Each structure stands twice: as structure tokens, then as C-alpha cells.
Amino acid sequence: MNNFTFEDMKQIKRTTLGAEVPLELFRAIRLIGMYQGLPSGGKGTTMTIGRKIGQSLPVTSLEELLHLLEELKIGIPHILSTNEKGMTIAVEDCFCEGLPIHEGQMVCDLEGAILEGALSKIYNKRVTAKEIKCNVNGDERCEYELRF
Ligand SMILES: [Zn+2]
């Protein structure tokens with residue numbers, strides 16, 4: 001199989017409809033298709049997809065990664081705290097902002113898995129991400145705890 005690269009994704013020649021798709025379509029894929037359509041909320045599959053995407057991102061430093069996350073409109077990331085064991089990252093303006101609140105549910109595991117994949121590659125060690133806050137849960141923003 002000939003693999004696609006992230007660079008391939010940027011080759012767009014869609015003359016009438018352009019390069020962007022509406023957020024409601026992305027939400028439908030994520031929440032109706034994956035979260036509701038796959039067994040156990042799509043947990044394992046989402047992790048696999050997110051890690052793979054994260055590893056494919058053309059970034060070599062944390063700064064580049066944070067910049068790309070904003071460029072791709074995944075969200076506006078801020079590092080809240082960092083130490084040798086890991087870091088906490090908040091993501092403002094996540095795709096889930098504005099959805100009805102479903103207390104007890106966190107739906108941005110794909111973003112966490114993308115962080116995992118990208119940071120594992122950047123630091124060349126195992127990184128795990130845990131979503132600890134989500135707009136959908138009623139929190140003020142989405143947050144991830146990353147452990148090295
Ligand atoms: Zn979110």
C-alpha cells in the first residue's frame with residue numbers, strides 16, 4: 001500500500017467548494033459517527049487514529065506543535081504547567097465549544113491522542129494523554145494531562 005503523508009493532505013484542487021468543510025460535518029464524524037457509532041464510544045479506535053495523525057504531523061518541537069494545532073483549528077493551546085514528569089495543556093476554542101452540556105462526558109479524546117502521537121515523536125519517548133476537562137462536561141475549557 002502506498003501511504004499518504006501529511007504533506008499530501010495539503011494538495012487541494014477543489015475549485016468550487018474550496019479547502020474547508022463546515023464544523024458541523026467534523027462534529028458529525030466525531031460525535032455521531034465515531035463516539036456514538038463505534039463500540040465503547042470509539043475509545044480504542046479514536047486513540048489509534050489520533051496517535052497516527054499526531055505522529056504524521058510535520059513538527060519537531062513543542063512550539064511548532066502548539067502553533068500547528070492552532071493553524072489546523074484544532075484549538076488554541078496553552079501550557080498550564082510543566083515539569084519533568086509531564087505537562088497540563090488547556091485547549092481554548094475546541095470543536096466542542098457550544099455543544100449542549102452532557103455532564104460526565106468528555107468527547108475530545110482524539111485531540112488528546114493527537115497530542116500523544118506528536119509529543120511521543122518529538123521527545124522520542126512514550127507519552128500518554130488524559131482528557132481531564134471538556135466543555136461538553138460543563139467545564140470552562142478542554143484540558144489534557146500529559147505524562148512522560
Ligand atoms: Zn473539547
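This is a guided tour of a predicted model, one selection at a time.

**Stop 1: the sheet**

Start with the strands. Select β1, β2, β3 and β4. Together they form an open sheet of four strands, in the order β1-β2-β4-β3, with antiparallel pairing. Look at the two edges. These are β1, residues 76–83, and β3, residues 128–133, and each of them pairs on one side only. Now look along the sheet. On average, neighbouring strands are turned by 25° against each other, direction ignored. What holds such strands side by side? Strands of a sheet pair through backbone hydrogen bonds, either parallel or antiparallel.

**Stop 2: from β1 to β2**

Select β1 and β2. How many residues does the hairpin between β1 and β2 use? The hairpin joins β1 to β2 through two residues. Seven bridges link β1 and β2, and these strands run antiparallel. Pick Asn83 to see one of the pairs: its bridge partner in β2 is Gly86.

**Stop 3: Gly86**

Stay on Gly86, which sits in strand β2. Is Gly86 buried or exposed? Its relative accessible area is 2%, so Gly86 is buried. Show its surroundings. Leaving aside residues up to four places away in sequence, Gly86 touches Leu146, Arg147 and Phe148. Next, draw a distance from the C-alpha atom of Gly86 to that of Thr128. The two atoms are 9.1 Å apart, while the residues are 42 apart along the chain.

**Stop 4: β2 and β4**

Find two of the pairs. Met87 has Leu146 as its bridge partner in β4. Val91 has Cys142 as its bridge partner in β4. Now colour β2 by burial. It is mostly covered, with six of its seven residues buried.

**Stop 5: β4 and β3**

β3 and β4 run antiparallel, joined by five bridges. Click on Thr128. Which residue of β4 is the bridge partner of Thr128? The partner is Arg147.

**Stop 6**

Select Asn135, in the loop between β3 and β4. Its relative accessibility is 7%, so Asn135 counts as buried. Not counting residues up to four places away in sequence, Asn135 touches Cys94, Cys96, Glu97, Ile101, Glu140, Arg141 and Cys142.

**Stop 7: two helices on the sheet**

Now bring in the helices. Select α4, residues 62–71, and α5, residues 109–123. α4 lies across β1 and β2, and runs at about 150° to β1. α5 lies across β2, β3 and β4, and runs at about 35° to β4.

Turn to the helix pair itself. α4 and α5 pack at an angle of about 155°, and their axes are 10 Å apart. That makes α4 roughly antiparallel to α5, because angles over 145 degrees count that way. The crossing of α4 and α5 is right-handed.

Show the side chains where these helices meet. From α4 come Leu62, Leu65 and Leu69; from α5 come Ile114, Leu115, Ala118, Leu119, Ile122 and Tyr123. Sorted by class, this contact has nine nonpolar residues, no polar ones and no charged ones.

**Stop 8: helix α2**

Select α2, residues 23–35. Which of its residues are buried? They are Arg27, Arg30, Leu31 and Met34.

**Stop 9**

Finish with the backbone. Most residues other than glycine have a negative phi. Two residues are worth a click here.

- Asp93 has a positive phi of about 60°, although it is not a glycine. Asp93 lies in the loop between β2 and α5. Its relative accessibility is 53%, so Asp93 counts as exposed.
- Asn124 has a positive phi of about 55° and is not a glycine either. Asn124 lies in the loop between α5 and β3. Its relative accessibility is 69%, so Asn124 counts as exposed.

Technical notes. Residues are numbered from 1 along each chain as its sequence is written. This is a predicted model: local features need pLDDT of at least 70, side-chain atom pairs count only at pLDDT 80 or more; totals for chains, interfaces and linings use all residues. Side-chain values use heavy atoms; hydrogens and water are left out. Axes are lines fitted to C-alpha atoms, for helices over the stretch in contact, and angles run from 0 to 180 degrees between N-to-C directions. Angles under 35 degrees count as roughly parallel, over 145 as roughly antiparallel, 65 to 115 as roughly perpendicular and the rest as oblique. A crossing is left-handed if the near helix is turned anticlockwise from the far one by less than a right angle, and right-handed if clockwise. Contact means heavy atoms within 4.5 Å. Ala, Val, Leu, Ile, Met, Phe, Trp, Tyr, Cys and Pro count as nonpolar, Asp, Glu, Lys and Arg as charged, and the others, Gly among them, as polar. Two strands pair if DSSP finds at least two bridges between them. Buried means under 20% relative accessible area, exposed over 50%, partly exposed in between (1.4 Å probe, protein chains only).
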